[in-house]
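The sequence and structure are shown first.

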Amino acid sequence: MTTYFNYPPPELQEELKRIANAIVAPGKGILAADESTATIGKRFADISTENTEDNRRKYRQLLFTTDDAVSNNISGVILFHETLYQKADDGTPFVELLKKKNIIPGIKVDKGVVPLFGSEGEGTTQGLDDLDKRCAQYKKDGCDFAKWRCVLKIGKNTPSYQAILENANVLARYASICQANGLVPIVEPEVLPDGDHDLDRAQKVTETVLAAVYKALNDHHVYLEGTLLKPNMVTAGQSCATKFSPEDVAKATVTALQRTVPAAVPGVTFLSGGQTEEEATVHLNAINAFPGKKPWALTFSFGRALQASVLRAWKGKDETVKAGQDELLKRAKANGLASVGKYQAGSIQSVAAKKSNFIQAHSY
Amino acid sequence: MTTYFNYPPPELQEELKRIANAIVAPGKGILAADESTATIGKRFADISTENTEDNRRKYRQLLFTTDDAVSNNISGVILFHETLYQKADDGTPFVELLKKKNIIPGIKVDKGVVPLFGSEGEGTTQGLDDLDKRCAQYKKDGCDFAKWRCVLKIGKNTPSYQAILENANVLARYASICQANGLVPIVEPEVLPDGDHDLDRAQKVTETVLAAVYKALNDHHVYLEGTLLKPNMVTAGQSCATKFSPEDVAKATVTALQRTVPAAVPGVTFLSGGQTEEEATVHLNAINAFPGKKPWALTFSFGRALQASVLRAWKGKDETVKAGQDELLKRAKYSLAHST
């Protein structure tokens, strides 16, 4: 561990810090709309909609032309590469639409999970090649943050030392390259909910993974004040026989974070994983309500948990765009309330609030 | 990194947490009175006092029979092995004196620094042999916390990977063994102030060292809520040409901690190192005044910075015991004049 290195120049520190803090401003969180072409195809299939480029454009247009009130609760949107360069019907680039709404554009920059040879079905995430150039271009094209998802799976012998170390390291390399280009890196070390393990095991795995991630970030001299963490909430496995309350989940989650996430990190933007819209919101609320030291914002970066009802209401038709947008406003508001611990369970009725979003061994 | 391990049993978690929180209760800190026989000898030499067992006993008696008001600011005392088993003139064991004052007894358990072969003058700390047995005994004999000091030095090529890794690991082993025996481990990875490096270098070294320490504690499944950290404040080297203000020191110190010390740690009890009593207190106050996230108590575990005036006023004479005790009361009171 060398002790000779450079902190980022002061102006870069200020910029990264400013962006990160804006993303986790009180009552706000992220809409994760960065589904790859294949993945959005699966969502469209569920609502009998064809996976064409124009449908993908129309769907994201629905999201980004929602009433301005949506930006009371949405601070940023994570985009897929294709979406970054698409335009609304009237020719306005999506990036401009978002900026006019004071919503910060972000970009998914990883290139998916690849197997770790020799491991028991584990993987790492690729995408470092030319990442520096790509980040520079994304910054020029209007993005201020990036996201990279790593995946770890709880099994009898997993996650292994190999997987934990490798994923932590690749996240740190990604984060370092982002910061070099003025992009705030969202660091996502997702521990999947697949399995029948209990809450205790999930907590231990999450603690171990997060400790490794922050050691790697330190080794790579990543400026923590200009990063965000996108972890899983600590929940029991999806097929665990025991059910745990939102308070159990909140305690396990906050404790895990207290033990591993330095206070310098401005905020934690939870992923929703396979949870239903309502579950994710209720859990986020319980997390914020949990008594104890929480020196970071605790908010959301939801994909499925913000869009399930939207898709269900829209069904791919122009006439139901407004219905879809209303669902987005509703869930954005619900999660905005949850991010400050003020959400009442069930108080916001959504079309698909209780529908499970669990997809086995999810990749997107 | 295995993910199969056991958290301590709930009752042990509660006990360790209770002790740690009591040590860093608002307005309170630790009196580090664990000078080894050789080291206290140096202090005695400065005041022309002979280094006899009875003088050592008399000196610690001075400290522990100070007016009860001292426990408004002193939550715990770190003792040297010999002192733990000494008694006051009237036969009261020191441990009892302290407990009556509601001051928690702690014990230094390391056995000093030894060289790391191949390194450029670096060392690690020994003392793990039979530590489990020793901790069990110390707990029986009235101690509730322990302390172990590791030392790292800033030089052209130091601290090295070897030194950082080894010291972090030995601190984690020590901490683990303490907790197994109901003792709260104070983890002390001291980065020495020796040298002419500036504040920036000191901060980088401290951040790197602390990150390694907390990774090691995690690897060894140490229950953070039942530990305390005793770090150096981040200051420029003693022979650095540039002088830095207390606010500079506060900013560098708090930033380093924010980047490395998990919120689960209840408190940080700073060592005073080579600072004067006044410097240490001013710095500690600036640290507490510094705006920003500080999710741990920030207090003191001072040796020299609490005792320099005590020794000077006492001079080894019975007639000046009260004068010495008054100095202790003063220094203890002002160490945390500004709390968060």
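## Polar contacts and salt bridges

A polar contact is a pair of N or O atoms within 3.5 Å; within protein, one must be able to donate a hydrogen and the other to accept it, and residues adjacent in sequence count only if both atoms are side-chain atoms. In this predicted model, 26 residue pairs (both at pLDDT 80 or more) are in polar contact across the interface of chain B and chain A.

Two salt bridges (a side-chain nitrogen of Lys or Arg within 4 Å of a carboxyl oxygen of Asp or Glu) are found across the interface of chain B and chain A. B:Glu225 forms a salt bridge with A:Arg259, with 2.8 Å between the closest N and O atoms.

## Extent of the interface

Contact (heavy atoms within 4.5 Å) links 41 residues of chain B with 40 residues of chain A. Chain B and chain A bury about 3400 Å² between them, 55% of it on carbon and sulfur atoms; buried area is the accessible area (1.4 Å probe) lost on putting two parts together, summed over both. B:Met1, B:Tyr7 and B:Arg259 supply 23% of the area that chain B buries against chain A, more than any other three residues.

## Basis of the values

Residues are numbered from 1 along each chain as its sequence is written, and chains are lettered from A and ligands numbered from 1 in the order in which they are written. Local features need pLDDT of at least 70, side-chain atom pairs count only at pLDDT 80 or more, and totals for chains, interfaces and linings use all residues, while side-chain values use heavy atoms, with hydrogens and water left out.
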